[in-house]
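User: I would like to learn how to read backbone and packing features from a model. Can we take them one at a time?

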Amino acid sequence: MDTLASVNTRKGPEERPLLKAFLDLFFPNQCPICQESASAARYVCPDCERSLTGLLPTPFLGEGFGKVTRFCYFSEVDSVLYGLVKAYKYLPRKDLANHLSFFLFRLIDFWRASVPFIIPLPAHPASIRTRGFSNTRLILDRLKERFIPNLTILEPAVRREWSYRPQASLQDEEERKANVRDVFRMKKGTILPERVALFDDVYTTGATVAEYCRVLAPYVKQIDLFILVRRK
Ligand SMILES: [Zn+2]
């Protein structure tokens, strides 16, 4: 089983001390969370790695709604995990998807949830273009590769780009709700299992997730929601 320390180790420099010394000297590596300098053999610095290792999943469930019967989230406050998510999404640091899949796996494992089918909350098309990847889909790809090989990743709905702005640009809860109304469309001929899991990295007001679940509801009996960071 992977540990955070093994996920956080870069294979090349770790195995070749001369290469590591060369990289540390000429290409100093900056920790994407705290901006302190870090060894070329690590993705995040030892301090942040320690803080991340000490994090435990939140031991209670969020309140369900509609067909969401189980609402699990790893962290509730702006923890170091949120620093990791922000670095992944906004620097952006695609290589941190492995770290985040590790925390998603720990969350699923903590609740002893069986997750055969999981859906990534569709990312905003403009964000996918800017980043070059879908933040939710990539974490699930890594989850399947490293932790749950028999996972089936489904993408039953798509986002319609023209009708709304990125949620992060809006503060007001009502504005966020109005902004995402009718932005998801089911793909034609969709048939889904009775029970599916839904994944998003950050949950703020929940407007986007709620709208997605509303579109999904006629097709399923039960939704398990998995979130890395729930903001207040
Ligand atoms: Zn750091």
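Analyst: Start with the loop between α5 and α6, where P92 is found. This is a predicted model. The peptide bond to look at there runs from L91 to P92.

User: What is the geometry of the peptide bond from L91 to P92?

Analyst: Read omega. For L91 to P92, omega is near -20 degrees, and the bond is cis.

User: Which residues of α5 and α6 meet?

Analyst: From α5, the residues are L81, L84, V85 and Y88. From α6, they are A97, H99, L100 and F103. There is a general idea behind such lists. An α-helix has 3.6 residues a turn, so residues three or four places apart point the same way.

User: H99 is on that list. Is H99 buried or exposed?

Analyst: Check relative accessibility. H99 has 0%, so H99 counts as buried. Then look at its neighbours, leaving out residues up to four places away in sequence. H99 touches L4, V7, N8, Y43 and L84. Of these, L84 belongs to the α5 side of the helix contact.

User: How do α6 and α8 cross?

Analyst: Use the angle and the distance again. Helix α8 spans residues 135-146. The axes of α6 and α8 come within 8 Å and cross at roughly 70 degrees. The two helices are therefore roughly perpendicular. The crossing is right-handed. On the α6 side, the contact is made by A97, N98, L100, S101, L104, F105 and I108. On the α8 side, it is made by L138, I139, L140, R142, L143 and R146.

User: How much of helix α10 is buried?

Analyst: Count residue by residue. Helix α10 runs over residues 207-216, and eight of its ten residues are buried. They are A207, T208, V209, E211, Y212, C213, V215 and L216.

User: Where is phi positive in a residue other than glycine?

Analyst: R112 is one case, with phi near 45 degrees. R112 lies in the loop between α6 and β4. Its relative accessibility is 75%, so R112 counts as exposed. D182 also has a positive phi, about 65 degrees, and is not a glycine. D182 sits in the loop between α9 and β7. At 42% relative accessibility, D182 counts as partly exposed.

User: Which residues coordinate the zinc ion?

Analyst: List the donor atoms. They are the SG atoms of C31, C34, C45 and C48, at 2.3 Å. Along the chain, the donors follow the spacing C-x2-C-x10-C-x2-C.

User: Why is the arrangement of the four donor atoms around the zinc ion called tetrahedral?

Analyst: Test the angles. All must lie between 85 and 135 degrees for four donors to count as tetrahedral. Around this zinc ion they are 106 to 113 degrees, so the arrangement is tetrahedral.

Technical notes: Residues are numbered from 1 along each chain as its sequence is written. This is a predicted model: local features need pLDDT of at least 70, side-chain atom pairs count only at pLDDT 80 or more; totals for chains, interfaces and linings use all residues. Side-chain values use heavy atoms; hydrogens and water are left out. Donors are N, O and S atoms within 2.8 Å of the metal (3.2 Å for Na, K and Ca); water is not among the atoms, so sites may look incomplete. Four donors count as tetrahedral if all angles lie between 85 and 135 degrees; four count as square planar and six as octahedral if opposite donors are over 155 degrees apart and all others between 65 and 115; anything else is irregular. Buried means under 20% relative accessible area, exposed over 50%, partly exposed in between (1.4 Å probe, protein chains only). Helices (H or I, at least four residues) and strands (E, at least two) are DSSP runs, numbered from the N terminus. Contact means heavy atoms within 4.5 Å. Axes are lines fitted to C-alpha atoms, for helices over the stretch in contact, and angles run from 0 to 180 degrees between N-to-C directions. Angles under 35 degrees count as roughly parallel, over 145 as roughly antiparallel, 65 to 115 as roughly perpendicular and the rest as oblique. A crossing is left-handed if the near helix is turned anticlockwise from the far one by less than a right angle, and right-handed if clockwise.
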